[in-house]
Amino acid sequence: MTARLALRGLAIVAVALVAIGLLPVTLVAAVAVGVAWHSGWQPARLYRAAAWSLPMLAVWLAATAITRHSLAPASPQQAWLALSRGRYLAAAVLIAPIAVPAGLLAGGLAWSFRLASMTAQAAGRSPAAAVSFDDRQWRHQVRAAKALIAAPGAVPLLTARGDFAAGAVIRTAGHPAGRLTVLPASRLRSHQIVIGGTGTGKSTLLLRLWAAYLATGLQRHAARLAGPPLIVVLDCKGGGDARRIADRARRILYETGARNVAIWPDEASLSLWTLPPRQLISTLVDLIEHGTGGAAYYTDVMEAVVMLAVEAPPGPPASTAEFLTRLDSGWLSLAYAAGGYDEQLALARSAARQVPDIALRFRTLFRRLGPGLDGPGNLGDADAWYCILEGTAEVAVAEAQARALVDVLASFVAGPASAAGQPPRQVLLAVDEFSAVARRLPIWQLYERARSLGLSVQVSAQSWHGLAARQDDRYRLAATAEGGIWLLGTPHPDPVTALAGQRAALSTSRQLAGRLRWTRHGSSQLRDVPVADPNRVRALEPGQAAYIHHGGVTFTQVKRLVAGPAALATAPRDGQPAAPPEPALPDSAAPDTMRLATGDRLPDVAGLLDAAFGPAPGSPP
Amino acid sequence: MTRALAGGRGAGYPVSGRKYLLARPLLAVTRPIRHGRPARLAVRLLAVVAAGALAVFATGWQPASLSVMTGALTWLLCTGGSDLARDRRN
């Protein structure tokens, strides 16, 4: 015991002597460790700095060789001489070529040792010191990440290699640690999930993801690798907030390269009636909510009547009015009376009693759905569609609209344009606030068949439970999100963080020597800890996100995209119908030809003010 | 005045852009500075100049002072990029 203490004392004395003997190196190392601690750096940063200071060493050696015709420099001796004479500045300059690289290297090693010992809970006065050290380092890392994204041009949307940069790295586990959170562009074309509560910066992240998808899609299209990109956003929350985000999304997408961004149903409309007849029948039947048990009979009758109306000899209906006209037993009997349709005619006559009820239900449904699905527009008319569904005010209507829009999109993706030999369009379906329509939109089915259609699906929800009604469906969604999961501040992140898995970490116990005193004696063991710390996710601030992918996590300070001036569009008044829908503009139309909505309300210039002066305090990001 | 701007021709004639060809490279160089953080970049430049001047002042033109100047310039090259920006929005 005494021998061990003596050995330890000798080691301390030896280290102290070396530190004093190499005082300039010690000073540089101390400053380097201090800066690394203050900025939350990893030791690799100090090693890189040491490598970058090698040119000064090379210049010093080269200049010495030229002037003294010898590789033995005189600076160290001169430095000690200058120090003894009180010429401290001269001494510092003379020793700097050696002290700076060596000090940075020594600082990196010391900082690495300090981090490793704190991670193993083997350093610090108490076992809890590791926790407070980690919290302090987290704050320092957040501060450094915020400083990085504050620098203009520091976080481009796409890197020079065409990869997507989301923001500045705060901390990583299982992912490479760089300064920026960079994802391969292919990750954007895979399914992704975004989970975050209100005010956590979800919209900011989504806007950046959409802009990056468009930018990479345009690059691939220019390189003739794929068709032009198309983004379809279903904002299932609705209301004024959705319209404000829609305006911001439009400005950002225009500046990213979109030629035409349509906002549905306020400014543009789509046509449900362009669906192939079989698909149209299925969609129309699904739009009506059915019960179970005895209601199955009624569902079968409804499907038969809808099929008769859609497949009538004059061809499929071209509008809502035409479809509703056909939901009449007299019209159906007359349409199939021409001969050769005996079976259909018999069906129409047997269902004659139910037809008025079915017509009433569809009349009510289409009145509630509004004219947004009855217009002449086509998804191919724009580079991006921002569809606002009033999921907060009218859940049933939003569910039906979402179902119809997804069917229109699936039909468009698998349509004749794709089959004609042209490169298929790169399509992203982003469903924001998915929980509002999750009950009747089985998105995981779309997930599973989307890859064959060339469709990427991005689902965002307020919480893990908002992803789907059943736990199985939630895990199915999460398991197929090959593009990764973005987790923002949420109170229940455990199911998602568990998907990142666990890693082995060293844990050290310390012997209690008295009241709040611990000795250095104890034992260490390996134990599994979560790769993504759920407590860290719970405490994420607005604008911070944890990106989980392939058993690793990257905590990111997301960079906000700044859009151009607001489009000065007005939201429809509460209780009044929206402006009549217009068809989307053709591809050739320039953005500045988009119609400006008129009205006697003052325009919403919040986006412009945000862009000019930053977000207002307390406002959602 | 209009006549002078139009190179001696009357108003309504297009002005030759040749004279602006010289300004374009200058603009390309200055744009990242203007879109970035010019004040911080200026401070970095001043720091480099000050370090070099102090080194020469302290020891004269010696290998060590040249080395310090090299180190300061390397630091400027490594860190000055964060004060430049091609696009103000990002």
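Two residues are in contact if their C-beta atoms, placed from the backbone, lie within 7 Å. Leaving aside neighbours within four places in sequence, Trp210(A) is in contact with Ile231(A), Val233(A), Ala249(A), Leu253(A) and Ala430(A).

This is a predicted model, in which local features need pLDDT of at least 70 and side-chain atom pairs count only at pLDDT 80 or more, while totals for chains, interfaces and linings use all residues. Residues are numbered from 1 along each chain as its sequence is written, and chains are lettered from A and ligands numbered from 1 in the order in which they are written.

Which residues have the most contacts inside the largest nonpolar core? They are Trp210(A), Val232(A) and Tyr386(A), and the core has 133 residues. Such a core is a set of buried Ala, Val, Leu, Ile, Met, Phe, Trp, Tyr and Cys residues joined through C-beta atoms within 7 Å; buried means that 20 or more other C-beta atoms lie within 10 Å of a residue's own. Helix H17 (residues 395–413) of chain A gives the most to this core, with 11 residues; helices are DSSP runs of H or I, at least four residues, and strands are runs of E, at least two, numbered from the N terminus. A second, separate core of 37 residues includes Ala96(A), Val100(A), Ala64(B) and Leu66(B).

I turn now to the strands. An open sheet of 11 strands in chain A has mixed pairing, where two strands pair if DSSP finds at least two bridges between them. Strands E2 (180–183) and E5 (261–264) of chain A stand at the edges, each with a single partner strand, so one side of each is left without a neighbour in the sheet. Three bridges join the parallel strands E3 (residues 192–195) and E9 (residues 485–487) of chain A, and the bridge partner of Ile195(A) in E9(A) is Leu487(A).

Methods. Buried ≥ 20, exposed ≤ 12 C-beta atoms within 10 Å, placed from the backbone.
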